Amino acid sequence: MNRQTKIMTATGMFCTLAYTATAVGRIPLVLFLKYDPKDIVIVISGLIFGPLTAFMVTLTVSLIELFTISENGILGFLMNVISSCSFACTASLIYKRKPTLSGIRTGLFCGWGCMVTTMLLWNYIIAPIYMGCSREAVAELLLPVFLPFNLIKGGLNTAITMFLYKPAVTALRYARLFDPESAARPKKGTGFLFGSILIIVTCILWLLSFQSWS
């Protein structure tokens, strides 16, 4: 099996996993907004095979969602693509330029920040249409609702990816779908693990405090 065939096979597998995560893993998080873990799968695909793979998985899964389980039609498709790409493509692009342990960490944190910033802007632009309310009403929700949702969502995606990246690489290598030249294989240190746990705990505390406040 040549390298391109391996990448195509792995990409199809990532698409299946990402869609499954969306279909069965949705969790109400902040008011009417739901969290699903598909971006974890998407960003891992990008970290291993590059930002183009992350984009292709994002586009494929978002299209399948559009015709199956989407609640917001074409607008939901657009928001899914923007959200996932701003996180996964940013992280994988930075990691591609710096394929080290610190490159993963930097990429994921930059992707987190990019996603939060991008989605605040696009929620302001698009949310009034699918919510059926004025832009002023949406503006009042940006900081108390959309900001904490995207902070929690991005934090969970970042932390869980830090846990799962190395096992994912190992699994692909055993399945002979991983080309050692296509991604670096950094060792996971204690600090890396501690950072992941700290982010998850922080996100849970954010969520609990937000729900108590609301």
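Are H2 and H3 roughly parallel or roughly antiparallel to each other? Please bear in mind, as we consider this, that we are looking at a predicted model. Helix H2 covers residues 38-49, and its axis lies 6 Å from that of H3, with a packing angle of about 150°. Angles over 145 degrees count as roughly antiparallel, and H2 and H3 are therefore roughly antiparallel to each other. The crossing in which H2 passes H3 is right-handed.

Let me turn to the confidence of the prediction. The mean pLDDT of the protein is 88, and 91% of its residues reach 70 or more. Among the elements, helix H3, residues 51-67, has the highest mean pLDDT, at 96, whereas helix H7, residues 190-213, has the lowest, at 75.

I move next to helices H4, H5 and H6, which span residues 73-97, 101-131 and 135-174 respectively. The axes of H4 and H5 come within 7 Å and cross at roughly 160°. H4 and H5 are therefore roughly antiparallel to each other, and H4 passes H5 in a right-handed crossing. Their contact comprises 19 nonpolar and 9 polar residues, with no charged residues.

How far apart are the axes of H5 and H6? They are 8 Å apart, and the two helices pack at an angle of about 150°. H5 and H6, too, are therefore roughly antiparallel to each other. H5 passes H6 in a right-handed crossing. In the contact of H5 with H6 there are 22 nonpolar, 6 polar and 2 charged residues.

Finally, I come to the pockets. Rolling a probe the size of a water molecule over the atoms shows where empty space is left. The largest pocket has a volume of about 590 Å³. Its lining is made up of 23 residues, and those nearest the centre of the pocket are Leu 33, Lys 34, Asn 72, Asn 80 and Tyr 130.

Which element gives the most to this lining? It is H4, with 5 residues. At least two lining residues come from each of strand S2, residues 33-35, and helices H4, H5 and H6. By class, the lining has 9 nonpolar, 7 polar and 7 charged residues.

Conventions
Residues numbered from 1 in each chain as written. Predicted model: local features only at pLDDT ≥ 70, side-chain atom pairs only at ≥ 80, totals over all residues. Heavy atoms only, no water. 1 Å grid on protein atoms, 1.4 Å probe; cavity = no way out; pocket = protein on both sides within 12 Å on 5 of 7 lines; lining within 4 Å. Points joined across faces, edges and corners; volume = space filled by probe spheres on them. Helix = DSSP H or I, 4+ residues; strand = E, 2+ residues; numbered from the N terminus. Nonpolar A, V, L, I, M, F, W, Y, C, P; charged D, E, K, R; others polar. pLDDT = per-residue confidence, 0-100. Axes fitted to C-alpha atoms, helices over the stretch in contact; angles between N-to-C directions. Parallel < 35°, antiparallel > 145°, perpendicular 65-115°, else oblique. Left-handed = near helix turned anticlockwise from the far one by under 90°.
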